Amino acid sequence: MKRELLEVAWKKRASEFSRTGALRVFHGPGDGGRDADLSRIAIEAFRAESETVYVWIYAWEQDGAKALSESTLADLAAFLRSVGVAGAVLLERPEKGTPADAVLLFGTLPSHLDVREETDLFRIRFEATKHPGLFLDHLPLRQWLRTAGKISGKSVLNTFSYTGSLSVAAKRGGAGKVLTLDLSRPTIAWAKENWELNFPDDASGDFIFGDVFEWLPKLAKRGDRFDVVILDPPSFSRSPKKVFSTAKDLPSLHTAAFRLLNPGGLLITSINSAQISHAQYRDEIQLAAVDESRKLVELIPLGAPKESFPGADYLKGWIFRVD
Ligand SMILES: C[S@@+](CC[C@H](N)C(=O)[O-])C[C@H]1O[C@@H](n2cnc3c(N)ncnc32)[C@H](O)[C@@H]1O
């Protein structure tokens, strides 16, 4: 393992801890150079108010082989201990199928930790989960929601919400009513925890445990309309109502969203897919817009932050005004 690669990345990024308690400190595919092991891992660090740092490591299998050998794992743990990390969990991601929950690599970790990202608090979990609960690649979008001044007083529908971090950022940016929707019951409970951590006395947050493909038409039918709709689907999802894939269902998903969006409202759309090109994605949104007689005006493109996800092109999206 080329320890220098980790040292350089850690040194470059750890200064950001003054701004945020949640950082991707090593993005293997961009920071790993040609080192086979390290090019297949990512390291995310979460810092408590007490300044203790805990780490999540993701390791991607390749050609059926584990990303990290036992000796690399030992070297990695030694490096993390040397920079003061108190404990780390490891998530091994198989090429196909769902990973098992993260396992302890070393040290001791709390079951959860509330970290501050700029103005917002987010609950990070280390136990019994396959993900810490905060997508660090969506930082630019959370920053835009908080500070661009574009959503003040607006009603927001956050679909595929996961732990509701975009709902929290939207509320911080002055949103009015915020409806958060996800198909996983534990995830919706986590989204409520995040909301309450930030806005304990604010009742303007609504939460639905449910299927986007059932709820978007249902909301439209009962006449609900929103000023902002957020779509951030996974590449593939199986729900009682529908088997969804970004490869075939982007137009119908966007059609359903346009039907809920007020004239001049904002569509925030994002996918995590290396396979679908920007051009194809955009064409499919455009197709849905034409069908619904809506006009798209691009406000900004979305993507992972270049400084902490060097070279990453998998996360794509836009914020559109929809006239
Ligand atoms: C990529 S994550 C979204 C991340 C989120 N936007 C964020 O910034 O944290 C996808 C989420 O979609 C949810 N999901 C998948 N299929 C769904 C469906 N049919 N209806 C509602 N939510 C669904 C999953 O439970 C998961 O939480």
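1. A residue is called buried here if 20 or more other C-beta atoms, placed from the backbone, lie within 10 Å of its own, exposed if 12 or fewer do, and partly exposed in between; buried residues make up 43% of the 323 residues in the protein chain. This is a predicted model, in which local features need pLDDT of at least 70 and side-chain atom pairs count only at pLDDT 80 or more, while totals for chains, interfaces and linings use all residues. Residues are numbered from 1 along each chain as its sequence is written.

2. The protein chain has 9 helices and 16 strands, taken as DSSP runs (H or I of at least four residues for helices, E of at least two for strands) and numbered from the N terminus. Its radius of gyration, over C-alpha atoms, is 20 Å, close to the 20 Å that the globule rule (2.2 Å times the number of residues to the power 0.38) gives for 323 residues, so the chain is as compact as a globular protein of that length.

3. An automatic or database assignment divides the protein chain into domain 1 (3–125) and domain 2 (137–322), whose centres, taken over C-alpha atoms, are separated by 27 Å. Between them, 14 residues of domain 1 are in contact with 15 residues of domain 2, contact meaning C-beta atoms, placed from the backbone, within 7 Å. On the side of domain 1 that touches domain 2, β1 (22–27), α2 (28–31) and β7 (120–125) each supply at least two residues, and the largest share, 4 residues, comes from β7.

4. Leaving aside neighbours within four places in sequence, A170 is in contact with L145, I151, V156, N158, A175 and V178.

5. In α7 (212–221), residues V212, F213, W215, L216 and L219 are buried, and what covers the buried residues of α7 includes β8 (156–159), β9, β10 (205–209), β13 (243–245) and α8 (246–258). After α7 comes G223, whose phi is positive, near 90°.

6. Around the ligand there are 21 residues, of which F160, Y162, L183, D232 and S237 come nearest; a residue is counted if its C-beta atom, placed from the backbone, lies within 6 Å. The elements giving two or more residues to this shell are α5 (165–172), β9 (178–182) and α7.

Key. Two residues are in contact if their C-beta atoms, placed from the backbone, lie within 7 Å.
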